[in-house]
Amino acid sequence: MKIIIIDYGAGNIKSIQFAFKRLGFDAVLSHNIAEIRAADKIIFPGVGEASSAMKMLQESGLDVVIPTLKQPVLGICLGMQLMCTSSEEGNTKGLGIFDVTIKRFSNAVKVPQMGWNVISNLKSALFDGIKENEFMYLVHSFYAESCEAAIATTDYELSYASALQKDNFYGVQFHPEKSGVVGSKILANFLKL
C-alpha cells in the first residue's frame, strides 16, 4: 500500500511516520503531484498558522490538487481546518471540501486547548471498534463548528466537530499519531477504507 504524507512545509511529519511504522507501513513524504495522485492513501498534516500554511499550498499548486483527489484523504489538525471553507485564523479562505467555518475559542477558556479530551457521537468506519468517549490528544485554538459533515464531537467551551467526513475526505482535529492505542486504531481503520 502506498501511503503519502503531503509535504508542504507545515506538519509534524516524523510522529505520523512513526505511527504508521508501528502499524507495519512506510508512509512517504512527498510534494510531487503525480506521486500524490498515484497514492492509495493520503495524509494531509498541518501544524502552525492557517494563512501561512495555505500560502505554502498555493505556491506548490496543492491547493488545486487536494480537492480533486479520489482516494481516501485524512486531514490532521490544521490539515483538517484547511479542508474547510474558511478560517478566522488570518482570515483564511480554505480548500472548501467541508462546508464549515473554523472559529476561534473565546478567551473564556484556556487557549489553546491542549491535552486530552474525549470524542463522542462517533459515526464512520474511521471509528470502527472505538468506544464512545475515548480520550484523544488535542492542541488547537480554532475549531470546526458543528455541521452536517461531523463524524465526532468534542466539548470545550461548546460542542464542536472534532472529526469530519465528506465522500473520500476525512478530517480529525485531534492527533491520532499522539493518541496511544486508540489513535493507532483510527489510523489502522483509515488504511482499511
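Cysteine 77 is buried, with a relative accessible area of 8%, where buried denotes under 20% relative accessible area, exposed over 50% and partly exposed the range in between (1.4 Å probe, protein chains only). This residue is found in the loop between S4 and H5; helices (H or I, at least four residues) and strands (E, at least two) are DSSP runs numbered from the N terminus. Phi of cysteine 77 is near 55°, a positive value in a residue other than glycine. Most residues other than glycine have a negative phi, and most peptide bonds are trans.

The model is predicted: local features need pLDDT of at least 70 and side-chain atom pairs count only at pLDDT 80 or more, whereas totals for chains, interfaces and linings use all residues. Residues are numbered from 1 along each chain as its sequence is written, and side-chain values use heavy atoms, with hydrogens and water left out.

The secondary structure of the protein comprises six helices and 13 strands. With a radius of gyration of 15 Å, close to the 16 Å that the globule rule gives for 193 residues, the protein is therefore as compact as a globular protein of that length; the radius is taken over C-alpha atoms, and the rule is 2.2 Å times the number of residues to the power 0.38. Along the principal axes, the C-alpha atoms fill a box of roughly 45 × 35 × 30 Å. Of the 193 residues, 52% are buried. Contact is defined as heavy atoms within 4.5 Å. Among contacts between residues at least 6 apart in sequence, 69% join residues at least 24 apart.

In soluble globular proteins, nonpolar side chains tend to be buried together. A nonpolar core is here a set of buried Ala, Val, Leu, Ile, Met, Phe, Trp, Tyr and Cys residues joined through side-chain atoms within 4.5 Å. The largest such core holds 34 residues, of which Tyr8, Phe44, Leu82, Phe98 and Leu164 touch the most other members. Elements that each supply at least two residues of this core include strand S1 (3–6), helix H3 (50–60), helix H5 (78–82), strand S7 (98–104) and strand S12 (158–166). The largest share, four residues, comes from H3. Leucine 164 touches, among residues beyond four places away in sequence, Met80, Phe98, Val100, Ala144, Ile151 and Phe169, including also Cys84 and Cys147. A second, separate core of 33 residues includes Ala19, Leu122, Ala163 and Tyr170.

In helix H1 (residues 13–22), the buried residues are Ile13, Ser15, Ile16, Gln17, Ala19 and Phe20. These residues pack against S1, strand S2 (27–30), S3, strand S4 (73–76) and helix H6 (180–192). Glycine 24, whose phi is positive, near 90°, follows H1.

Leaving aside neighbours within four places in sequence, threonine 92 is in contact with Ala50, Ser51, Met54, Ser86 and Ser87.

A cis peptide bond, with omega of about 0°, joins valine 111 and proline 112; proline 112 lies in the loop between S7 and S8. Phenylalanine 135 belongs to strand S9 and is partly exposed, with a relative accessible area of 47%. Beyond four places in sequence, phenylalanine 135 touches Trp116, Asn117 and Val118. The C-alpha atoms of phenylalanine 135 and tryptophan 116 are 5.8 Å apart, at a sequence separation of 19 residues. Glycine 129, in the loop between strand S8 (113–119) and strand S9 (134–140), is exposed, with a relative accessible area of 72%. Its C-alpha atom is separated by 9.3 Å from that of valine 182, 53 residues away along the chain.
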